Amino acid sequence: MAADRDSEFAEYMESRAGVMRRTAFLLCGDWHRAEDLVQIALTKIYVAWPKLNRNGSVDAYSRQVLVRSAIDESRRAFRRRETPVDALPEVPADSRRLDEAMDVRKALAMLPAGQRATVVLRYWEDLSVEETAKAMRCSQGTVKSQAAKGLAALRRLLSNTDVFGSPAVFEEQR
């Protein structure tokens, strides 16, 4: 029985770890913290695996654990003392698209944790308002207001050339 549990969990982990890692990165803006968040989520999922596996809510539970962990981690005092660095790894890619992606990620990292979580769940994970509210354990109205505030802040940040030193991403799309 334990071997079945472990093999089922390992199969789930292999299939979803990459998606969880990318979502965690968007929630926190740091690959190392994203790895930590995924590990926290996977630990909690493993503990609750028998219950989750029966009712098929593993993905919803994993998103909820990921979001709650990201918000909890952002509240810890030692996280506020850390300073992110601007050094980026060498990545062969279209430089314009890479610059735009980096601008969006920088702007996303500047949002408060709740707005960031809402924007990531609604527009990256493509969850409905109801699913996002459930994952964040808040009302649908809170999701709507946090999404509106988060998108407005992203538009403002991305249209401000002083913040990132490059022309706005959204200006060219209008």
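The structure is a predicted model in which local features need pLDDT of at least 70 and side-chain atom pairs count only at pLDDT 80 or more, whereas totals for chains, interfaces and linings use all residues. Residues are numbered from 1 along each chain as its sequence is written, and side-chain values use heavy atoms, with hydrogens and water left out.

The protein chain has nine helices and zero strands, where helices (H or I, at least four residues) and strands (E, at least two) are DSSP runs numbered from the N terminus. Of the 174 residues in the protein chain, 37% are buried; buried means under 20% relative accessible area, exposed over 50%, and partly exposed in between, with a 1.4 Å probe and protein chains only.

Two pairs of residues show how separate stretches of the chain meet. Leucine 26, which lies in helix α1, is buried because its relative accessibility is 13%, and its C-alpha atom is separated by 6.5 Å from that of valine 120, which is 94 residues apart along the chain.

**Salt bridges**

Side chains of opposite charge can pair when their charged atoms come close. A search of the whole structure finds three salt bridges, each defined as a side-chain nitrogen of Lys or Arg within 4 Å of a carboxyl oxygen of Asp or Glu.

| Salt bridge | Closest N and O atoms |
|---|---|
| Arginine 16 and aspartate 59 | 3.3 Å |
| Arginine 21 and glutamate 35 | 2.7 Å |
| Arginine 63 and glutamate 125 | 4.0 Å |

Arginine 63 lies in helix α3 and glutamate 125 in the loop between α6 and α7, so this pair ties together parts that are 62 residues apart in sequence. Arginine 63 counts as buried at 18% relative accessibility, and glutamate 125 counts as buried at 16%. In the salt bridge of arginine 16 with aspartate 59, arginine 16 is partly exposed at 24% relative accessibility, and aspartate 59 is partly exposed at 31%.

**Surface and loops**

Asp4, Glu8, Glu11 and Glu14 form a negative surface patch; patches are made of residues with over 30% relative accessible area and no salt bridge, like charges being joined within 9 Å and nonpolar side chains (Val, Leu, Ile, Met, Phe, Trp, Tyr) within 5 Å. Glutamate 8 lies in helix α1 (residues 2-28) and is partly exposed at 36% relative accessibility.

Two loop residues other than glycine have a positive phi. Aspartate 126, in the loop between α6 and α7, has a phi of about 60° and is exposed at a relative accessible area of 64%. Arginine 137, in the loop between α7 and α8, has a phi near 55° and is exposed at 61%.

How values were computed. Accessible areas come from the Shrake-Rupley method with a 1.4 Å probe; for residues, only the protein chains shown count as cover. Lys and Arg count as positive and Asp and Glu as negative; His and the chain ends are not counted. The place of a charge is taken as NZ of Lys, CZ of Arg, CG of Asp or CD of Glu.
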